[in-house]
Amino acid sequence: TDIGSATGAGVTTGTTVGATNAVASPCGGLTAGERVFKWVAPQSGNYTFDTFGSTFDTVLYVRESGCAGPELGCSDDSGGVPQSAVSTVPLAFGQTVYIVVDGKGTATGNFQLNITAPVPKIFFVKNPGGNDTNPGTQAAPWLTLAKAFAAAVAGDIVYFVPSTYASPGVAPTNSGTSVNPINFLADTTCAYSAGVVGGCTPGPVTVTSSATTHTVSFSSRSY
């Protein structure tokens, strides 16, 4: 079953009662029926998959390239309860995995599959005061719009400290999605950039080209 790229609690629910027993994991699931879900990572980062809220003793495993593909993680019991959690699974944006909700022994029942997405990465751009060799943090911001356009990926948030920036003349290198856009935000009030190195003074964010200067108000964008 294809469940798209959704994340959060109760991404899908259902029952393994009456399900076919076709696959198993080193963690278990040898004799119980299972349900398999195709899922695509909406952004790069570490994900957690769990079955908390299910009513039976679950086994959970995550594979790539299909039901018989390499296993990225598996779990029987987690946190002292009979439900399962596969944590810190590193996935790239657009990577497809197959999530198997299985049972311990012959256990079957109603399940809930939860998927926890990575915390979005936040970057800062400041001119002057930044450097494009920096990591883009508040303590070491980037300098140019061109760097932000080249480096940001799906799910990232980029704040521009009020100042004037040269237009890169190109679109962002990477693409976002409707679920996880690349967010370019003009922090005109310094609400998020107050702690940036050298301070932040509220004001406009302007972008210049060879012929014109524009005052801009970036908002969440999906490329």
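Mentor: Happy to! Let's begin with a term: a residue is buried when its relative accessible area is under 20%, exposed when it is over 50%, and partly exposed in between. Keep in mind that this is a predicted model.

With that in hand, look at Asp-77: its relative accessibility is 41%, so Asp-77 counts as partly exposed. The side chain of Asp-77 meets that of Lys-104 in a salt bridge, with 3.9 Å from N to O. Asp-77 sits in the loop between E5 and E6, while Lys-104 belongs to the loop between E7 and E8, so this pair ties together parts 27 residues apart in sequence.

Now stay with Lys-104, which is partly exposed at 38% relative accessible area. Lys-104 also forms a salt bridge with Asp-76, where the closest N and O atoms are 3.3 Å apart. This pair, too, links distant parts of the chain: Asp-76 lies in the loop between strand E5 (71-75) and strand E6 (85-91), and the two residues are 28 residues apart. Asp-76 has a relative accessible area of 18%, so Asp-76 is buried. Put together, Asp-76, Asp-77 and Lys-104 are linked in a network of salt bridges.

The count comes to three salt bridges, so there is another pair to visit. Arg-63 forms a salt bridge with Glu-71, and their closest N and O atoms are 3.0 Å apart. Arg-63 counts as buried, at 9% relative accessibility, whereas Glu-71, at 29%, counts as partly exposed.

Terms used. Residues are numbered from 1 along each chain as its sequence is written. This is a predicted model: local features need pLDDT of at least 70, side-chain atom pairs count only at pLDDT 80 or more; totals for chains, interfaces and linings use all residues. Side-chain values use heavy atoms; hydrogens and water are left out. A salt bridge is a side-chain nitrogen of Lys or Arg within 4 Å of a carboxyl oxygen of Asp or Glu. Buried means under 20% relative accessible area, exposed over 50%, partly exposed in between (1.4 Å probe, protein chains only). Helices (H or I, at least four residues) and strands (E, at least two) are DSSP runs, numbered from the N terminus.
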